[in-house]
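Dear colleague,

Please find below the structure that I am handing over to you. My notes on what was found in it follow directly after.

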Amino acid sequence: MSTPPSQMEILSWLREEDPQRLEQLWRRADEVRRTHVGDEVHLRGLVEISNYCARQCAYCGLRAGNGPLERYRMTVEEILGSARQAVAFGYGTVVLQGGEDAGLTRDWIAGVVRRIKAETPLAVTLSLGERADEDLAAWREAGADRYLLRFETSDQRLFALIHPPLHDVPSDRVAILRRLKALGYEAGSGIMVGLPGQSYESVARDIDLFRDLDLDMIGIGPFISHPATPLGQGKIPPTPAQGDQVPATEGIVYKAVALTRLVCPEANIPSTTALATINQRNGRELGLRRGANVVMPNLTPVPYRRLYEIYPAKACITETGDACNGCLQVRIRSIGRRLGRGPGGRGKRPGSEAKTVRPPNPATQTTTAHTRVVSTASL
Ligand code: SAM
Ligand code: SF4
């Protein structure tokens, strides 16, 4: 319980398949979550404000090349309506998310943020892709509190393949995350797990990078194939070493969430909608029991939801905000957790920034095919 897990240990855990050993990892992640961020589950109302996007990400259904997709952009009044709904449900934060949409101009977004801050007590999180420094600065000035920008994978070769440059400018999401922090935002990032061509080693490096960046929020979800994308159509065939491809399963996502909790004990970590999509029965709850402390109920007006189809069969696509809210509250209480109140920002305790937690080290424990001799020294 003192030194951080090394990248090798993280890698070893990602490959771990013994249910009893994994049970120890879940328990450890849950303890660390309780110690550092408590039993409250913070609710962030998600408003998908636009599905226009200039980018051609090979994984995402909103990519510009998906011609048949009907596009929408919410009006200011619609966004304000969703924000008021967040207040009525007792949420502390509203998350405005969208594609990289030039129609969401600097001034327009700044105006929306100002109105939300003036008319509600909500914290405002933005997730609008890679925007110019001037935009990010103006939105911070207008009152935006947080910004989410996943780096998706730390494997630069794979990222360049699945996230082509826009106007010939290569993406550097890590540099943008550093700028966000310098501007005073709480910075959130994250990854998809199970991308074709993604190796276990690179996911271990991703988790190490979360630690290096000292992120305030970290979202981890499974990659879900979309048939209207190059990845979904098998048009991009990366070739990782055999046996090295990380699967897009819920099991690997739980491992990544639990290990992330151990290396970033104070971060806000959502149990993601993508996880709830691949296990609609109890994926959300299992994420919360294995390190997560945030959920993001959908407050997008119902007619727009089916159009924000980043991947197929997205969870909660037909429920109203009311139904989503009720369902999530029941799920949270069913696992003995409390609903968070207030903005639920990252609670940095004095002198706690460097705290990381060591998981049991599978690399140093003897294994047979069916049993493991488990050292309890590090538990
Ligand atoms: N446009 C912004 C951006 O890219 O950061 C925000 C919206 S984007 C739809 C939000 C996130 O959706 C991405 O960061 C990515 O991780 C996730 N996403 C996109 N396509 C996905 C897929 N096929 N499976 C799982 N997650 C996906
Ligand atoms: Fe656009 Fe974001 Fe989808 Fe990429 S992931 S196509 S930037 S909405």
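A cavity is a set of grid points, computed over the protein atoms alone, where a 1.4 Å probe fits but cannot get out. A molecule sits in such a cavity if more than half of its atoms lie within 2 Å of its grid points. With this in mind, the space taken by ligand 2 is the largest cavity, and the space taken by ligand 1 is likewise the largest cavity. Please note that the model is a predicted one.

Let me begin with ligand 1. It is surrounded by 18 residues, and the closest are Tyr59, Gly98, Arg150, Glu152 and Ile224. Sorted by class, this shell consists of ten nonpolar, five polar and three charged residues.

Some of these residues come with computed distances to the ligand. The side chain of glutamate 152 has an N or O atom 2.5 Å from an oxygen atom of ligand 1. On its own, ligand 1 has 550 Å² of accessible area, of which the protein covers 93%.

Ligand 2 has around it Cys53, Arg55, Cys57, Tyr59, Cys60, Leu62, Arg63 and Gly99. By class, these are five nonpolar, one polar and two charged residues.

Finally, I turn to the aromatic rings, of which the structure holds five pairs. In one of them, phenylalanine 89 and tyrosine 91 have ring centres 5.6 Å apart and planes at 50 degrees, so this pair is tilted. Phenylalanine 89 has a relative accessible area of 15% and is therefore buried; tyrosine 91, at 5%, counts as buried too. The rings of tyrosine 147 and tyrosine 185 have centres 5.9 Å apart and planes at 80 degrees; because an angle over 60 degrees counts as edge-to-face, this pair is edge-to-face.

Yours sincerely

Definitions and conventions. Residues are numbered from 1 along each chain as its sequence is written. Chains are lettered from A and ligands numbered from 1 in the order in which they are written. This is a predicted model: local features need pLDDT of at least 70, side-chain atom pairs count only at pLDDT 80 or more; totals for chains, interfaces and linings use all residues. Side-chain values use heavy atoms; hydrogens and water are left out. A residue is near a molecule or strand if one of its heavy atoms lies within 4 Å of it. A polar contact is a pair of N or O atoms within 3.5 Å; within protein, one must be able to donate a hydrogen and the other to accept it, and residues adjacent in sequence count only if both atoms are side-chain atoms. Accessible areas come from the Shrake-Rupley method with a 1.4 Å probe; for residues, only the protein chains shown count as cover. On a 1 Å grid over the protein atoms alone, a cavity is a set of points where a 1.4 Å probe fits but cannot get out, and a pocket is an open set with protein on both sides within 12 Å along at least five of seven lines; lining residues have an atom within 4 Å of a point. Ala, Val, Leu, Ile, Met, Phe, Trp, Tyr, Cys and Pro count as nonpolar, Asp, Glu, Lys and Arg as charged, and the others, Gly among them, as polar. Rings of Phe, Tyr and Trp (its six-membered ring) pair if their centres lie within 6.5 Å; planes under 30 degrees apart count as stacked, over 60 as edge-to-face and the rest as tilted. Buried means under 20% relative accessible area, exposed over 50%, partly exposed in between (1.4 Å probe, protein chains only).
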